[in-house]
Amino acid sequence: MSEKIDVLIVTFNCSKTLRKCLKSIKEAVPYNRILVGDGGSSDGTIEIAQSEGAEVHLFTGKDNKIGRIRYKLAERAETPWLLYVDSDVYLYPHFWRVMRHTMKPSVGMSMAAQDAPPSVLSRYFEWRNKRFRFVTFSNTLVPRDLILSCRELLNVHVGEDAVYARFAKSRGYDVLAILYRLSYHDKGLDGVDKAFERWGRDLAMQRRFINLAFSELIHIRNIFWYAIDEGVRKKEIFSLLRNSWFMLKGFFLGLRT
């Protein structure tokens with residue numbers, strides 16, 4: 001199997017991190033092409049991507065959904081395996097030495113743990129990853145043929161990683177969560193808040209009230225479980241619960257649109 005691989009990145013106004021992301025990919029991965037799917041950036045993101053040699057494809061209107069962009073980029077790719085990297089992720093030099101060994105016929109998705117800016121939230125996510133494993137598209141290898149079989153991604157804007165993981169498992173493939181930290185995710189609390197708000201808004205647009213309630217209950221349960229396991233202070237618990245608030249905020253904003 002050739003080790004050359006196409007790298008796929010979804011972008012939106014990420015000029016602060018994209019250049020470093022692209023440089024880390026070029027230094028760590030034997031890439032064939034780097035394909036960027038942009039959702040309408042206005043901050044120089046597109047120009048940075050082009051200056052670093054990436055191919056830029058624009059997705060607007062109904063096509064501007066994260067799952068759809070990931071799928072459409074896979075259609076444009078050409079290598080048997082694809083590497084998804086988020087625009088605020090920096091791969092470590094040893095990333096490929098570890099991840100290349102996961103490209104096996106039985107594997108449908110493999111992803112690695114990441115370092116993050118120190119915070120209450122990063123400590124919680126580290127605990128959650130060890131306790132329940134994790135699913136992400138932020139530094140993730142997938143077989144191209146398999147992801148193109150998952151057409152549900154075309155209509156997904158949030159949680160596309162979980163959608164694809166369920167699909168891969170249903171087809172009998174392994175989903176590997178590697179606990180070695182092989183990259184750095186440069187996302188602070190503000191970025192996480194926006195992700196939860198986007199999640200809530202997407203649930204509202206689909207009128208998925210039960211899914212909202214279930215997601216909120218699971219999140220709150222996990223926080224209190226974490227508090228018991230790690231003996232965290234009440235102040236930290238309230239800090240973590242802000243994610244639930246942003247999901248609710250996004251849901252009510254979505255109902256109004």
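Trp245, Leu248 and Phe252 make a nonpolar surface patch of about 330 Å², where patches take residues with over 30% relative accessible area and no salt bridge, joining nonpolar side chains (Val, Leu, Ile, Met, Phe, Trp, Tyr) within 5 Å and like charges within 9 Å. Areas follow the Shrake-Rupley method with a 1.4 Å probe, only the protein chains shown counting as cover for residues, and a salt bridge is a side-chain nitrogen of Lys or Arg within 4 Å of a carboxyl oxygen of Asp or Glu. The model is predicted, so local features need pLDDT of at least 70 and side-chain atom pairs pLDDT 80 or more, while totals for chains, interfaces and linings use all residues. Residues are numbered from 1 along each chain as its sequence is written, and side-chain values use heavy atoms, without hydrogens and water.

Phe252 belongs to helix α10 (residues 234-255); helices are DSSP runs of H or I with at least four residues, numbered from the N terminus. The table lists accessibilities (buried under 20%, exposed over 50%, partly exposed in between).

| Residue | Relative accessibility | Class |
|---|---|---|
| Phe252 | 51% | exposed |
| Phe132 | 35% | partly exposed |
| Trp225 | 30% | partly exposed |

Phe132 and Trp225 pair edge-to-face, with 5.6 Å between centres and 75° between planes; rings of Phe, Tyr and Trp (its six-membered ring) pair if their centres lie within 6.5 Å, planes under 30 degrees apart being stacked, over 60 edge-to-face and the rest tilted. Because Phe132 lies in helix α5 and Trp225 in helix α9 (residues 209-230), the pair ties together parts 93 residues apart in sequence.

In helix α5 (residues 120-132), the buried residues include Tyr124 and Trp127, and just after α5, Arg133 takes a positive phi of about 65°.

Definitions and conventions
Helices (H or I, at least four residues) and strands (E, at least two) are DSSP runs, numbered from the N terminus. Buried means under 20% relative accessible area, exposed over 50%, partly exposed in between (1.4 Å probe, protein chains only).
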